[in-house]
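These are my notebook entries on one protein model.

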Amino acid sequence: LWYTAATGGTGVSSFIPPTTSVGTTTYYVSQTLLGCESPRATLDVTIVSLPPAPVGSGPFTYCQGTTATQLTATGTSLLWYTTATGGTGINTAPIPSTATAGTFTYYVTQSMPCGESPRTAITVTVNPTPAAPVVTTPVDYCQGTATSAVTATGTNLLWYSAATGGIGSSTAPTPSSASVSTNTYYVSSTLGVCEGPRAAITVNINITPGAPVVGGPLSYCQDVIVPPLSATGTNLLWYTTASGGIGDPAAPAHYTETVGSTTYYVSQTTGVCEGPRASITVTINPYPDFGPDLRDTVCAGDSVDLAIKFNTAGYTYSWTLDGQPVTNPASVHVSGVYQLEAINSVGCSDTVLVYVTIQPPVPAFAGNDTIAVKGIPHQLNASGGVAYTWAPAYPLNLS
């Protein structure tokens with residue numbers, strides 16, 4: 001029979017000493033034989049305190065996808081758990097997974113001869129790592145043109161000149177277009193303390209071609225058929241202004257309609273780069289303008305002065321009749337179509353016609369000689385013409 005006192009009390013057949021308090025407690029036990037109980041023997045039970053919970057390290061903070069280190073704690077015979085209670089401890093400290101963002105708790109105890117300590121919680125925080133920024137690549141510029149800072153879509157961007165390492169800058173770089181080159185810039189996003197992978201942006205500085213080689217200036221007569229303008233270069237574009245506008249790959253072809261000087265411009269393109277524009281000045285000259293063709297009719301024995309009919313000053317000119325030169329255009333006596341061809345100082349020529357008619361001689365006939373009777377009117381008759389004039393007026397009455 002078990003007792004908690006040396007005397008008195010009521011004994012129990014079995015007893016489990018409590019371990020809630022640290023210290024030594026004396027228990028008593030007797031035995032009974034044939035109804036007779038023996039003296040009580042003593043039994044000292046000493047309750048020793050459990051070891052304290054180990055000292056955990058941390059808290060630990062990682063970025064998602066990075067490599068974590070093995071957890072640590074200070075204690076003896078450590079056992080590691082993933083729950084606050086239950087489970088079976090392992091003596092190898094875990095390496096936290098960073099595959100998923102979130103907060104995770106690990107637990108650790110230490111063991112001594114008297115038992116296993118309470119569990120110490122170690123918190124591991126896995127912060128989300130942002131994805132690489134969204135970029136547009138490649139970016140093309142032409143040599144010598146204005147450039148702008150490279151751009152990306154992301155949070156708290158950091159810019160680098162290398163794929164790894166280095167110190168990021170929050171200021172986006174502006175590429176130089178001074179020389180032909182290809183450069184790669186790198187940019188990352190940062191969320192909290194976690195910097196994501198770097199995206200690459202390739203910037204190409206392309207060669208800018210020179211102006212095409214052109215001839216000229218050109219001079220043509222109005223309305224002549226001429227070939228399209230031409231230049232020596234690659235992927236030509238034609239303009240009507242020195243700057244701006246939309247280039248046309250087709251060279252101007254109908255440009256002699258209007259008198260005057262017009263300047264056309266042409267550039268060449270290599271890859272994505274259009275070079276400066278070369279200029280071609282085209283002068284369209286007028287033809288000599290003598291107006292419409294003329295007609296002139298004179299009587300036989302008279303002449304026509306062709307020289308006074310048109311102002312030919314400043315022109316090189318010639319008169320022809322049936323393709324033959326007219327030696328004296330100031331006095332022509334032959335019917336026909338006379339052609340004047342005149343050429344101005346820039347080589348533009350025109351022709352004009354004069355239709356000359358020389359009337360044949362009129363055979364005037366007053367009639368045969370006749371004898372009139374005094375006092376009796378006598379009719380005279382003429383032929384050979386369409387109108388007649390008689391002289392002297394007296395004594396004729398012209399009736």
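The entries below run from the whole chain to single side chains.

**Entry 1. Conventions.** I worked from a predicted model, in which local features need pLDDT of at least 70, side-chain atom pairs count only at pLDDT 80 or more, and totals for chains, interfaces and linings use all residues. Residues are numbered from 1 along each chain as its sequence is written, and side-chain values use heavy atoms, with hydrogens and water left out.

**Entry 2. Overall form.** I looked up the secondary structure and found 0 helices and 32 strands. Here helices (H or I, at least four residues) and strands (E, at least two) are DSSP runs, numbered from the N terminus. The radius of gyration, taken over C-alpha atoms, is 62 Å, well over the 21 Å that the globule rule gives for 399 residues, so the protein is more spread out than a compact globule. That rule is 2.2 Å times the number of residues to the power 0.38. I noted that the C-alpha atoms fill a box of roughly 225 × 50 × 25 Å along the principal axes.

I then looked up burial, where buried means under 20% relative accessible area, exposed over 50%, and partly exposed in between (1.4 Å probe, protein chains only). Of the 399 residues, 27% count as buried. For contacts (heavy atoms within 4.5 Å), I recorded that 58% of those between residues at least 6 apart in sequence join residues at least 24 apart.

**Entry 3. Disulfides.** How many disulfides does the structure hold? I found 3, a disulfide being a pair of cysteine sulfur atoms within 2.5 Å. Counting bonded cysteines along the chain, I read their pattern as 1-3, 2-5, 4-6.

I began with Cys63 and Cys194, whose sulfur atoms are 2.1 Å apart. This pair links distant parts of the chain, with Cys63 in strand E7 (residues 60-63) and Cys194 in strand E18 (residues 194-195), 131 residues apart. The torsion about their S-S bond is about -95 degrees, so this disulfide is left-handed. Both cysteines are buried.

I turned next to Cys142 and Cys273, with sulfur atoms 2.2 Å apart. Cys142 belongs to strand E14 (residues 139-142) and Cys273 to strand E26 (residues 273-274), so I recorded a link between distant parts of the chain, 131 residues apart. The link is left-handed, with -105 degrees about the S-S bond. Cys142 and Cys273 are both buried.

The remaining entry on this topic concerns Cys221 and Cys348, whose sulfur atoms lie 2.0 Å apart. Cys221 is in strand E21 (residues 218-221), and Cys348 is in the loop between strand E31 (336-343) and strand E32 (349-358); the two are 127 residues apart. This link is left-handed as well, with -105 degrees about the S-S bond. Cys221 counts as buried because its relative accessibility is 14%, and Cys348 counts as buried at 0%.

I also looked up two further cysteines. Cys36 is exposed, with a relative accessible area of 53%, whereas Cys114 counts as partly exposed at 34%.

**Entry 4. An open sheet.** In which order do the 5 strands of the open sheet stand? I read E28-E32-E31-E29-E30, with mixed pairing; two strands pair if DSSP finds at least two bridges between them. Strand E28 (294-298) and strand E30 (324-325) are the edge strands, each pairing on one side only. Strand E29 (residues 316-321) pairs with E31 in the antiparallel sense over 6 bridges. I noted that Leu321 stands opposite Tyr338 in E31.

**Entry 5. Asn344.** Is Asn344 buried or exposed? I found 15% relative accessibility, so Asn344 counts as buried. Asn344 sits in the loop between E31 and E32. A polar atom of its side chain lies 2.8 Å from the backbone oxygen of Pro286. Leaving aside neighbours within four places in sequence, I listed Pro286, Tyr287, Pro288 and Tyr315 as its contacts.

**Entry 6. Salt bridge.** I looked for a side-chain nitrogen of Lys or Arg within 4 Å of a carboxyl oxygen of Asp or Glu, and the count came to 1 salt bridge. In this salt bridge the side chains of Asp296 and Lys309 meet at 2.8 Å, N to O. Asp296 lies in strand E28 and Lys309 in the loop between E28 and E29, so the pair ties together parts that are 13 residues apart in sequence. Lys309 is partly exposed, with a relative accessible area of 26%.

Technical notes
Polar contact = N/O pair within 3.5 Å; in protein donor to acceptor, adjacent residues only side chain to side chain.
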